[in-house]
Amino acid sequence: MNENPRENPNDGPGPWGGRPVPAPQYGQYISGSNGGAGGPHQGGPHDPTRGPQPPQRHGGPGMQRRRRGGGMPVSWTIIGVCVAVWGLQWLVYAITPYNLASILGYAPVLTTSEPWRMLTSGFVHSMPSPIHLLLNMYTLYLFGRMLEPLLGSWRMLVLFILSVLGGSLGVLLLGQPNVLVIGASGGVFGLFGALFIFMRHFKRSITPIVVLIVINLAFGFLVGGIAWQAHVGGLIVGGLVSLAMLPGLRNRG
């Protein structure tokens, strides 16, 4: 069971009277005992990618046929945006007293007044270590390479955006009202859910992706400072969105 640290006044102005609410990010806590650029990280990376990986190169007819074009412009764009935002976080922290994570992160208590945070939180990552960003982006690259040639650019974009929102919805329904979360893990777990649906549909073994999902979900429950609610929300929404996309995939030439 995750426990949240107390507020740290050294973390810079936040949305609640100049003191950000410390919260589990999708990967790690924003604030820690020493303050600084987002505070020292508590908990570890949440997206291990060294586990069994699902076969994708020699999929069924649908998987094989849809690989034409082979590009992944949406995946690369999302990666580029996340990296650029992380750089902007450093710039804002260096020249202002503000922490961009506390400005763009999402907490359920802010849903009515600032609903856009449900989306922007998916493009902000923890500081000062780049591990949170690198793990999310590497996983996004791996799964984007599998899914975007199959889905096409627009479906890939819709899947990721709705999965990020699904992650925030999971935090809204299952998380603490004043806990601020950041990170792309909701979107990444949505890709997990989509790959599970597509591998079942194309009659491929689902064991590797099930093992990967179970490991990542367990990591979120067992390691402190991880918003498992976002993982669950993104996974469910990603699976539902991919189910809705199946008829369109069958109708593609």
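Colleague: Let's start with Lys203: is Lys203 buried or exposed?

Modeller: Keeping in mind that this is a predicted model, Lys203 is exposed, because its relative accessible area is 74%, and the cut-off for calling a residue exposed is over 50%.

Colleague: And where does Lys203 lie?

Modeller: Lys203 lies in the loop between helix H7, which covers 185-201, and H8. Its phi is near 60°, which is a positive value in a residue other than glycine.

Colleague: Moving on to H8, what should its 16 residues span, and how far apart are its end C-alpha atoms?

Modeller: Helix H8 takes in residues 207-222, and at 1.5 Å a residue those 16 residues should span 22 Å; the end C-alpha atoms are 22 Å apart, so the two values agree.

Colleague: Which residues in H8 are buried?

Modeller: The buried ones are Pro208, Ile209, Leu212, Ile213, Asn216, Leu217 and Gly220. They cover an arc of only 160° around the axis, and therefore they sit on the same side of H8.

Colleague: Why do residues three or four places apart point the same way in an α-helix?

Modeller: An α-helix has 3.6 residues a turn, so residues at a spacing of three or four places point the same way.

Colleague: What is exposed on the other side of H8?

Modeller: On that other side, Thr207, Val214 and Leu222 are exposed.

Colleague: Changing topic, which residues form the nonpolar patch on the surface?

Modeller: The patch is formed by Leu119, Val158, Leu162 and Leu165, and together they have about 260 Å² of accessible area. Helix H6, residues 153-174, contributes the largest share of the patch, with 3 residues. Leu162 is found in helix H6, and Leu162 counts as partly exposed because its relative accessibility is 34%.

Colleague: Which residues of H6 are buried, then?

Modeller: The buried residues of H6 include Met156, Leu159, Phe160, Val164 and Val171, and among them are also Gly166, Gly167 and Gly170. As for its length, H6 has 22 residues and reaches 31 Å from its first C-alpha to its last, which is close to the 32 Å expected at 1.5 Å a residue.

Colleague: What about the peptide bond from Met127 to Pro128, is it cis or trans?

Modeller: That bond is cis, with omega near 0°, and Pro128 is found in the loop between helix H4 (117-120) and helix H5 (131-151).

Colleague: Last one, on the whole chain: how many helices and strands are there, and how much of the chain is buried?

Modeller: The chain has 9 helices and 0 strands, and buried residues make up 53% of its 253 residues. Among the contacts with a separation of 6 or more, 77% are accounted for by residues 24 or more positions apart. The accessible surface of the chain comes to about 10,700 Å², and 67% of that belongs to carbon and sulfur atoms.

Notes. Residues numbered from 1 in each chain as written. Predicted model: local features only at pLDDT ≥ 70, side-chain atom pairs only at ≥ 80, totals over all residues. Heavy atoms only, no water. Helix = DSSP H or I, 4+ residues; strand = E, 2+ residues; numbered from the N terminus. Expected span 1.5 Å × (residues − 1). Buried < 20%, exposed > 50% of the residue type's maximum accessible area, 1.4 Å probe, protein only. Arc of directions from axis to C-beta. Patch = residues over 30% accessible without salt bridge, like charges linked within 9 Å, V, L, I, M, F, W, Y side chains within 5 Å. Areas by Shrake-Rupley, 256 points an atom, 1.4 Å probe, with all protein chains shown as cover. Salt bridge = Lys/Arg side-chain N within 4 Å of Asp/Glu carboxyl O. Contact = heavy atoms within 4.5 Å.
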